[in-house]
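The sequence and structure come before the details.

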Amino acid sequence: MKDFFLRIGQKIKDFFINFIFRLKPRWSFRWILTFLLWLILLFYLGFGIYVGVEIYRNHSESRLVEFSTKIYPMPAAFVGGNIIWAKDYYQQLGYIRKFSQETKQPNPSAEELRRQIIDQLVENRLLSWEAAKNGLRVTSKDIDDAYQKIVAESGGEANVSKVLRELYGMSNDEFRDLVQQQVTKEKIQDELIAQVKVLHILIKDEGRANEVAGKAKAGEAWDGLAKAYSEDVKTRDNWGNLGWIARGNLVIDNKQVPEFEEAAFSAKINEFFGPVKSQAGFQIGKVEDKKGKIQQSYTNWLANIKKETKIYFFIK
């Protein structure tokens, strides 16, 4: 039995001696470099798994995880086959957390905050696509004009930079990216969403409203009718001008007036219509102009775009 174990021990010893002997030729710079590269790769992959667990399962907000998203291409969501990266999510989260910390204002629950940030990132991506699809360009001048307007209203660029840095931890270039997103949204609302430019005369009494409508259709001067009869004190001295309106956006006397909106969108340019009964009273209208090709409210249009697009959320 003793000889048996001695033979086994000798065989193990011989195996390791032969193994080391066979490795000797490999102790070269090339071999060491290859070994180190594999070691780095294994560490990168292993740490990446750790970062993924921290992001998707633990919803970590640590600085280490936030920094790691700049190195590891971790998806936050897929939108129509394109990726929204986790680094963009953490960037937005950082702005919000910094603002809350500096102003002592509470945030919604962590889950609700995650949902709001991801929804906003998805919306920004969809709006950029829709703008490009419809030939709507946001130029550098558009962004500069919007940025300079904010600077002028906020006491100068130095003050803007200070507020961005101290309240949000944001650079001016990062802020310009947000300005670009807002300009894109406003351009879509102003140029793509259907709007009508409309005048109105508001009268509470139905009989008088019918009488004034008859005078307008008979050719009596609109401005004189508006000044003499309209009970909308905010617009009657300005021809009853409501400006450009989109569906769902018109409020008269703090009341929504969808009946008047629908009549306005159905009427032709320069056509008189009404009286239309609404919560505000009886409205007589005249369409001056129309624009935009998307015949929905902005909210409904965006909701439909989201429904039609394949969206997968990873951070939720």
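**Helix packing in the predicted model**

Helix 9 and helix 10 run roughly antiparallel to each other in this predicted model. The angle between helix 9 (residues 206-217) and helix 10 (residues 222-229) is about 165 degrees, and angles over 145 degrees count as roughly antiparallel.

**Helix 9 and helix 10**

- The axes of helix 9 and helix 10 lie 10 Å apart.
- The crossing of helix 9 with helix 10 is right-handed.
- On the helix 9 side, the contact residues are R208, V212, K215 and A216; their partners in helix 10 are W222, L225 and Y229.
- Sorted by class, this contact of helix 9 with helix 10 holds 5 nonpolar and 2 charged residues, with no polar ones.

**Helix 5 and helix 8**

- Helix 5 (residues 110-133) and helix 8 (residues 172-192) have axes that come within 10 Å and cross at roughly 55 degrees.
- That angle makes helix 5 oblique to helix 8.
- Helix 5 and helix 8 cross in a left-handed sense.
- From helix 5, the residues E123, N124, L127, S128 and A131 take part in the contact; from helix 8, Q181, T184, K185 and I188 meet them.
- The contact of helix 5 with helix 8 comprises 3 nonpolar, 4 polar and 2 charged residues.

Key. Residues numbered from 1 in each chain as written. Predicted model: local features only at pLDDT ≥ 70, side-chain atom pairs only at ≥ 80, totals over all residues. Heavy atoms only, no water. Axes fitted to C-alpha atoms, helices over the stretch in contact; angles between N-to-C directions. Helix = DSSP H or I, 4+ residues; strand = E, 2+ residues; numbered from the N terminus. Parallel < 35°, antiparallel > 145°, perpendicular 65-115°, else oblique. Left-handed = near helix turned anticlockwise from the far one by under 90°. Contact = heavy atoms within 4.5 Å. Nonpolar A, V, L, I, M, F, W, Y, C, P; charged D, E, K, R; others polar.
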